[in-house]
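Me: Could you walk me through reading this structure, one feature at a time?

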Amino acid sequence: MALQSLDITRRSATTTPSPSQRKTQEVAKLIDISKCIGCKACQVACMEWNDTRDAVGSNHGVYDNPMDLTENSWTVMRYAEVELEQGKLEWLIRKDGCMHCTEPGCLKACPAPGAVVQYSNGIVDFHEENCIGCGYCITGCPFNIPRLSKKDSKVYKCTLCSDRVAVGQEPACAKTCPTGAIVFGIKEAMLHHAEGRVADLKNRGFAKAGIYDPQGVGGTHVIYVLPHADRPEIYCGLPRNPSIGPMVELWKGAAKPLASFGLAMVVAASFFHYVTKGPSEVSPEIEKEFEDEK
Amino acid sequence: MKNDPQKLIRYTPFERANHWLAAITFILLALSGLAFFHPAFYPLNQLFGGGVWTRILHPFVGVLMALSFGVMFSNYRKLNVMTPADKEWLSHVREMVDGDDRNMPEAGKFNGGQKLLFWLLVICMALLILSGIVIWRAYFAFLFPAAVIRLASVVHAVAATIMIALIIFHIYAGFWTKESIDGMLYGQVRRAWAKQHHPAWFRQMMGGDK
């Protein structure tokens, strides 16, 4: 839900600049996967703060509950049992949710002015009052995050607790995390903190530990510390190199001005053809043959 | 209106009604579709009761147009088979555009240009129906993977743009060729008009040789 006390720098389906005189610092939520114990306190805190309640699901024999993001569950823990080396099982737990991309695919795809906004601090928010329910944001998202509600045909996703951040508080999930796996602050400070965590992990034998801040979407405002950063996909399908993608770029990029211009040209060509060549009429000779008709 | 025995019947009342049903639904679809295509066209959603209503209505109007177009397709498909004479007509199209039709090969009920337009519209319509189903978020989109939906979104936009351009051209051609709209409005055309623009059809209708 959009909160107007934060500066909006970008709105969906808007071709003119948003107010951009004031500068604020970029924020980020850092999720350190090596510290996560999968307790789901963040899921609970998210629902508590945002006043959403998911239906009671059923047991699928795994820890994942609910099994996927929904319009009520804006964050879910995803659990993977992975054997990277023979006989060495690892339990990889990733808190999934909106990554708050710098170049958001949802915002690019959205046809409704101001239904998706990006604040100057980097948070990407849905403004449901302007949402028309077309689902283009789902098509545009490289992380498969937005969920369309069956109840009201609006899309919902993590807001990074923009309402809390606006008044100087951290997101509910970060506040509640008992192990400090989720921390929140200025993005630069979070990257610095992450570097320290990566160095520590490398010392402990995770040679490929690293930060997940994918540059294909201009960096994100939710970043991960991954013990196996060389293989992000083992963390329940975290995309290796996410980007908006050529189809969405074409659809929401070049196609729009090209097609509009093309259609305008067809209209103009028709008009000027008429005023230069004149109408196509029955010739006087044929008219003469059928004089009786008139 | 009673048929004028001096005139030639070009379209039956059913053909006319169906053509105009397709025309009206197409205009509604173009206006509502453009609203989602470019922010400059977004205000068009006001014609349909706002953005949400436009999103709800567009695909249902699409179903109606698909049915109407389907009837036209089955009615006109045989009449639009390209013959060597039509290809010859198309090779002379520059003269036609220049306003000089004296050397044009004789056209039947439909000329080469109309036939080409027909088949291009059929292709666009088929692409629009297929891609439209894939991106109909309320009922079908969840059945398809994201990559297919992205491709369908592009196909829908491209086919729609081409179809709008073709229809603008179709409307203009009907306006440019004086009296041709009479056939679609009243069902009849003057014999002089038929001899001028569709001589082969004229002779066929007059009971002469083909």
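Reply: Helix 3 of chain B and helix 5 of chain B are roughly perpendicular to each other (65 to 115 degrees counts as roughly perpendicular). Bear in mind that this is a predicted model, where local features need pLDDT of at least 70, side-chain atom pairs count only at pLDDT 80 or more, and totals for chains, interfaces and linings use all residues. Residues are numbered from 1 along each chain as its sequence is written, while chains are lettered from A and ligands numbered from 1 in the order in which they are written.

Me: What describes two packed helices?

Reply: Two packed helices are described by the angle between their axes and the distance between the axes. Here, the axes of helix 3 (residues 84-91) and helix 5 (residues 112-134) of chain B cross at roughly 100° and come within 8 Å. Axes are lines fitted to C-alpha atoms, for helices over the stretch in contact, and angles run from 0 to 180 degrees between N-to-C directions. Helix 3 of chain B contributes B:Asp86, B:Lys87, B:Trp89 and B:Leu90 to the contact, and helix 5 of chain B contributes B:Gly112, B:Gly113, B:Lys115 and B:Leu116. By type, the residues of this contact are three nonpolar, two polar and three charged.

Me: Which elements does chain B have?

Reply: Helices (H or I, at least four residues) and strands (E, at least two) are DSSP runs, numbered from the N terminus. Chain B has nine helices and two strands, in the order β-α-α-α-α-α-α-α-β-α-α from the N terminus on.

Me: How do strands of a sheet pair?

Reply: They do so through backbone hydrogen bonds, either parallel or antiparallel. Chain A has an open sheet of three strands, ordered 1-5-6, with antiparallel pairing (two strands pair if DSSP finds at least two bridges between them). Strand 1 (8-11) and strand 6 (124-126) of chain A are at the edges with a single partner strand each, so one side of each has no neighbour in the sheet. Strand 1 of chain A is joined by three bridges to strand 5 (residues 116-119) of chain A; A:Arg11 has A:Val117 as its bridge partner in strand 5 of chain A.

Me: How many residues of chain A are in contact with chain B?

Reply: Two residues are in contact if their C-beta atoms, placed from the backbone, lie within 7 Å. On that basis, 40 residues of chain A are in contact with 38 residues of chain B. Helix 8 of chain A gives the largest share of the chain A side, 11 residues.

Methods
Parallel < 35°, antiparallel > 145°, perpendicular 65-115°, else oblique. Nonpolar A, V, L, I, M, F, W, Y, C, P; charged D, E, K, R; others polar.
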